[in-house]
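Me: Can we walk through this one together? I'd like to go topic by topic.

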Amino acid sequence: MAAGPLRFRTPHIEELPITQSRQAPGFAWVAVGGPPEDPSKNWGTTNRKRARASAGGQTDAQKEALSARQQKEIERKIRDLNNDNSKDVQIPIPKKEGGGGGGAARAGKTQNTKKILASGKTFAHYLDDEEAEIARTGRREGDVEIVAAPVMMQRPSKTPIARRKATEDSSLDSSPAPTLPIHQGMRPPPVRKPSVTSTVDAMDLDQDEEADRSIPSEAEIEALLSAPPLTYNQARAAPPPCSAPPPRKFCEVCGYFGRAKCMKCGAMTCSVLCKDTHDEQRCLKFYA
Amino acid sequence: MARKNSHKPTATTNELAPRTLILDNGAHTIKAGFSSSSATEEPNDCHIIANCIARSWRDKRTYVGPELLDECWDFGELAFRRPVERGFVVNWEGEKAVWERSFVDKRSRLKCDPHETNLILTEAPNAPAALQRNADEMVFEEFEFATYYRTPSPSLNAYAPSPFSLSPAPGVPLECLLVIDVGHSHTTITPLYDGRPINPACRRLEIGGKTLTNHLKDLLSRNVEVKNEDWIVQEIKEDVCFVSASSSFSSDLERVWKGGHKDPRAVDTTIVVDYVLPDYENVKRGFARPHNPNVSRKERALGLDGGPREHIVTIGNERFTVPELLFTPSDIGMQQDGLPGTILQSLHSLPEGLWQPFLANVLVVGGSSKFPGFVRRLEAELRMLVSDEFVVRVAQAEDPVKNVWLGGAKLARDEGVLKERVVTRQEYLEHGDVWTRRRFAGKVDR
């Protein structure tokens, strides 16, 4: 017999929600409170709070980790917030009054423009295309620097550049230190620098002592400037550092700080009044 | 990929055309105007054109581009379709309609002949290469502008008059500038050196004016039905929202709390306002007034209590919790750092020696930065995050919406600089689109 309850400590794993939700079969890390306790205690307790409290509790991290469904819900809300057009509306472009070579002009004058005008691609398509191209060939269309093909990228990466590990050695996302190969025959466009040296000296006055605080040399600055632009996903801001305070929750009904969670659906409310409103009107588990 | 010349007898010379059209192509509005080497640019030269196609159920009319601000007077239940998605022009069919109505149509104020005009077009930073190619092809093959220069929009700020120093001569960029563009689709942070962006350090926060408007719409629809009223909610946001100081966010929220079951509180009426919604018959434009708890909303709406018939929305903590999203995106669960944190991320990817010059020249532009208290809050937060030995100066451009356009206009005045940057139509037809793209990225010389 087991001397005590088996308790598995799961490491804190944070699943960052990605913008696409695929229908692929898979799994999700879910915060688990541990196996149910010794059956002689709290038997028959349907009060989940009591059962959870006596089961030894979860770590703080496990308490904060959201279930996969909640995460998907949040992603969907954010996508809705960032929605450009009004919902479910198809607005056709009005025909120009007075024709004027209507048909040909509408469709575009050359092959290329015809294709562009007729295409129904959305931004998500373009992004995916770009990431697929990078995963395939290691460089973007139009970048001349041939970088080494990225090592073993099974899926195009959507992590912002600040969160990528250094093991991915493609030059596209290495640190901005001047390690990019610069081909011959390529010079940055002539830039006017009338008095760079004098202003550099002026700013250097207080910082002469600390070697790493000095203004970088011309060559380093040029290397920085001629680095290729980041891709759309690389330039996204990274999540806050772990030391930041946990996210604040607000009351669903009135907007004040949330103080209590609804046991059925998990929404936060601030007071008994708001909780009553929530139970009557907005609780999702009303009929459950 | 060389292409044959088209059959049109266009002016394919290597010279600059006499006039330049500067288009700051934003997701919400296009700022457009002409400039040439002889004129001085005035902010009045810049016309603001709504970059959308809007359908009004009440008028049964579809407004394209400039028609919206010029001709529409009933903005209720207006459905929008925007060709610009996430900051980039994706739907060229719609964009072509807007551009044609703005520049080619006989009735437009900015009528011009593209064959005789240079074009300076802005795009959002970190654009996918395919979208850049689409833009180049549309400009040269469809509209057939004489010459063309495409640039990320923050770069043009370096040429505009800056609040930090005396305005440079036209065509000379400011040396170090950290541009924070709080736009409609997102917020970008771009360090500029001599007017050129330092690419590894550009960052983007996915919260912009659009997110804030949609969030406010969700919050308001708890009380009043505004699901279809994009334009009106946007006006509410612009009129009523402000940014509270970081130390006072909690105390502000406390003040507008109505209290709990056992300790009801009187609501602080200095923050809570009543907003009167426009109905475009008597009230043409919504306005706010301090909250009057004695007025019952229902009675007022029906005109029963003797006053004029008004639809009132009471707005309390939404006034400052909505713009708070820019500083704490985790409030809605977005896994991104707030604006000051993102600025830090951008700085940390630069060598330490460059931190001080950039921190001392932080320029805030963009329509969504016009919230009262925004710049003060940003400066305070940034001050808290960086060590004491750095000087931190944050300033907002004089006209946050038109600043990029002003920079472009100033750049266009200096013919020499302009000539180095643009690609003429003949060059495009000779060398092809890949060459053009590399030219704009600064990788190829003439």
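Me: Ground rules before we start?
Reply: This is a predicted model: local features need pLDDT of at least 70, side-chain atom pairs count only at pLDDT 80 or more, and totals for chains, interfaces and linings use all residues. Residues are numbered from 1 along each chain as its sequence is written, chains are lettered from A and ligands numbered from 1 in the order in which they are written, and side-chain values use heavy atoms, with hydrogens and water left out.

Me: Rings, then. How many aromatic pairs over all chains?
Reply: The search of the whole structure gives 23. Rings of Phe, Tyr and Trp (its six-membered ring) pair if their centres lie within 6.5 Å; planes under 30 degrees apart are stacked, over 60 edge-to-face, the rest tilted.

Me: What sort of pair do A:F257 and B:F249 form?
Reply: Edge-to-face, with 6.2 Å centre to centre and 80 degrees between the planes. The pair crosses between chains. A:F257 is in the loop between helix 8 (218-225) and strand 1 (260-261) of chain A, and B:F249 is in helix 7 (residues 249-255) of chain B. Helices (H or I, at least four residues) and strands (E, at least two) are DSSP runs, numbered from the N terminus.

Me: Is B:F249 buried or exposed?
Reply: B:F249 counts as buried, at 2% relative accessibility. Buried means under 20% relative accessible area, exposed over 50%, partly exposed in between (1.4 Å probe, protein chains only).

Me: And how do B:F80 and B:W231 pair?
Reply: Their centres are 6.1 Å apart and their planes at 20 degrees, so the pair is stacked. B:F80 lies in strand 6 (residues 78-81) of chain B and B:W231 in helix 6 (residues 230-240) of chain B, so the pair ties together parts 151 residues apart in sequence. B:F80 is buried at 3% relative accessibility. B:W231 is buried too, with a relative accessible area of 10%.

Me: What lies over the face of B:F80?
Reply: B:R82, at 5.0 Å from the ring centre. Likewise, the charged end of B:R19 sits over the ring of B:F34, 3.8 Å from its centre. The test is NZ of Lys or CZ of Arg within 6 Å of the ring centre and within 35 degrees of the ring normal.

Me: Which residues do ring pairs link into a cluster?
Reply: A:F250, A:Y256, A:F257, B:F242, B:F249, B:W257 and B:F320.

Me: Switching to cores. How many residues in the largest nonpolar core?
Reply: 69. B:L68, B:I180, B:F374 and B:L378 have the most contacts inside it. Helix 6 of chain B gives the most to this core, with 5 residues. A core here is a set of buried Ala, Val, Leu, Ile, Met, Phe, Trp, Tyr and Cys residues joined through side-chain atoms within 4.5 Å.

Me: What is B:L68 in contact with?
Reply: Leaving aside neighbours within four places in sequence, its contacts include B:Y63, B:F75, B:F80 and B:W231. Contact means heavy atoms within 4.5 Å.

Me: Strands now. How many residues of strand 2 of chain B are buried?
Reply: 7 of its 7, over residues 29-35. Both faces are covered: B:T29, B:K31, B:G33 and B:S35 on one side, B:I30, B:A32 and B:F34 on the other.

Me: What does it pair with?
Reply: Strand 1 (residues 19-25) of chain B joins strand 2 of chain B through 6 bridges, antiparallel. Strands pair if DSSP finds at least two bridges between them. B:I22 has B:G33 as its bridge partner.

Me: Last topic. Where is B:D105?
Reply: In the loop between helix 2 (92-104) and strand 9 (117-123) of chain B. B:D105 counts as buried, at 16% relative accessibility. Beyond four places in sequence, B:D105 touches B:E100 and B:K111.

Me: And what does B:T211 touch?
Reply: A:L81, A:N82, B:H184 and B:E206, not counting residues up to four places away in sequence. B:T211 is in helix 5 (residues 209-220) of chain B. B:T211 is buried, at 1% relative accessibility.
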